[in-house]
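Let's take a walk through this model together, from its loops to its ligand. Keep the viewer open and follow along.

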Amino acid sequence: MTRIVTVGAAQLGPIARNETRSQAVRRMVDLMRQAKAKSCDVVVFPELALTTFFPRWFMSDQAEVDAYFEREMPGPETRPLFEAAVDLGIGFYLGYAELVEEGERTRRFNTSIIVDKAGKIVGKYRKIHLPGHHEHEPWRAFQHLEKRYFEPGDLGFGVWRAFGGIVGMALCNDRRWPETYRVLGLKGVELMMLGYNTPLHYPPVPEHDHLQAFHNHIVMQAGAYQNGTWIVAVAKAGREEGCDLLGQSCIIAPTGEIVAMCSTIGDELIVADCDLDRCKEIKDNVFRFDYYRQPEHYRLIVETKGVVPCP
Ligand code: CDT
């Protein structure tokens, strides 16, 4: 039996602050229809795909922040995605802001889910590496308040059996950290899905603005190769409320090669036939973990968070 999964990377262009979830969902359902016409098994949408990227604004009114969060999934406005999955026989990955009431405690996560072809949620991930800052920093051209509005994910880096393979998830900033890929790699990941919102301008180090696209691809190509996995990475792109977001959504082979890449910064679907058995070319050879890894020398990675001073 072949293990070819036809995957669509469904990049979204900007979503305005006053755009409704239903408007965004209509655009996504349209992309799912395009994906069906191209025989996709699954499509990957961006991080926080239902609304504008709200962490760019400081809001002191928690009710205003909470308006960007989903209290149920699916809810009335997101149900059409699940119905389209069933009607078209296509799964999807979706990023959204999740609000959970746990007794007296309200918890907020930057979350993604995998939904199968039957419209069932088969996996959930809560973003672990939250970038940005906690406090209002008015000197910035725009804020990046993920640290304020979300708590770090509490579910770890999971994998699930879906679409005939082992599928893992991550969100945006996670892709910059080698630990993300290696934990998923050690769980046998064959297809990693990831959504992102990456401003071209990084206020603390603007000298690197011209390197955003390079950094985006270099980390993911290395992560794919070093762990022998396909990666589908999908942007919310374009000029959103005056903030330019990186595009270049892509599908990367386990060899580290980019096999498909978006060429616009709007709504755009790219497709690749991902042969999951190609993961073995890497996993059984140069990165055969059980034969070559030397974990006794890697202890520091989990024993310290910051740099240990040089004696
Ligand atoms: N959404 C997200 O994680 N974006 C970050 C922006 C850079 S850090 C402020 C990223 O890693 O792309």
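Start at Ala16, which counts as partly exposed because its relative accessibility is 27%; here buried means under 20% relative accessible area, exposed over 50%, and partly exposed in between, with a 1.4 Å probe and protein chains only. Before going on, some ground rules: this is a predicted model, so local features need pLDDT of at least 70 and side-chain atom pairs count only at pLDDT 80 or more, while totals for chains, interfaces and linings use all residues. Residues are numbered from 1 along each chain as its sequence is written, and side-chain values use heavy atoms, with hydrogens and water left out.

Back to Ala16: look for it in the loop between strand S1 (4-11) and helix H1 (21-37). Helices (H or I, at least four residues) and strands (E, at least two) are DSSP runs, numbered from the N terminus. If you jump from Ala16 to Val115, you go 99 residues along the chain, and the C-alpha atoms are separated by 26 Å.

Next stop is the loop between H2 and H3, where you'll find Tyr68. Is Tyr68 buried or exposed? Tyr68 counts as buried, because its relative accessibility is 12%. Leu99 is 31 residues from Tyr68 in sequence and 9.4 Å from it in space, C-alpha to C-alpha. Pro74 is also in the loop between helix H2 (62-66) and helix H3 (79-88), and the peptide bond leading from Met73 into Pro74 is cis, with omega near 0°.

Now check Phe163, a residue other than glycine whose phi is positive, near 55°. You'll see Phe163 in the loop between strand S6 (159-162) and strand S7 (165-171). Phe163 has a relative accessible area of 18%, so it is buried. Gln248 isn't a glycine either, and its phi is positive at about 55°. Gln248 belongs to the loop between strand S11 (243-245) and strand S12 (250-252), and it counts as partly exposed because its relative accessibility is 28%.

Now for the ligand. It sits in the second largest pocket. A pocket, on a 1 Å grid over the protein atoms alone, is an open set of points where a 1.4 Å probe fits, with protein on both sides within 12 Å along at least five of seven lines; a molecule sits in one if more than half of its atoms lie within 2 Å of its grid points. Which residues come closest to the ligand? Of the 14 that surround it, the closest are Lys127, Cys172, Asn173, Arg176 and Thr198, where a surrounding residue has a heavy atom within 4 Å of the molecule. That shell divides into 5 nonpolar, 4 polar and 5 charged residues.

A polar side-chain atom of Lys127 is 2.8 Å from a ligand oxygen atom, and an N or O atom in the side chain of Arg175 lies 3.3 Å from an oxygen atom of the ligand. Asn197 uses its backbone: an N or O atom there is 3.1 Å from a nitrogen atom of the ligand. On its own the ligand has 350 Å² of accessible area, and the protein covers 93% of that, with areas from the Shrake-Rupley method and a 1.4 Å probe.

Finally, head further along the chain. Asn285 is in the loop between helix H7 (279-283) and H8, and it counts as partly exposed because its relative accessibility is 44%. His297 is in the loop between helix H8 (289-292) and helix H9 (300-303). With a relative accessible area of 64%, His297 is exposed. From His297 to Asp30 you cover 267 residues in sequence and 50 Å in space, C-alpha to C-alpha.

Terms used. Polar contact = N/O pair within 3.5 Å; in protein donor to acceptor, adjacent residues only side chain to side chain. 1 Å grid on protein atoms, 1.4 Å probe; cavity = no way out; pocket = protein on both sides within 12 Å on 5 of 7 lines; lining within 4 Å. Nonpolar A, V, L, I, M, F, W, Y, C, P; charged D, E, K, R; others polar.
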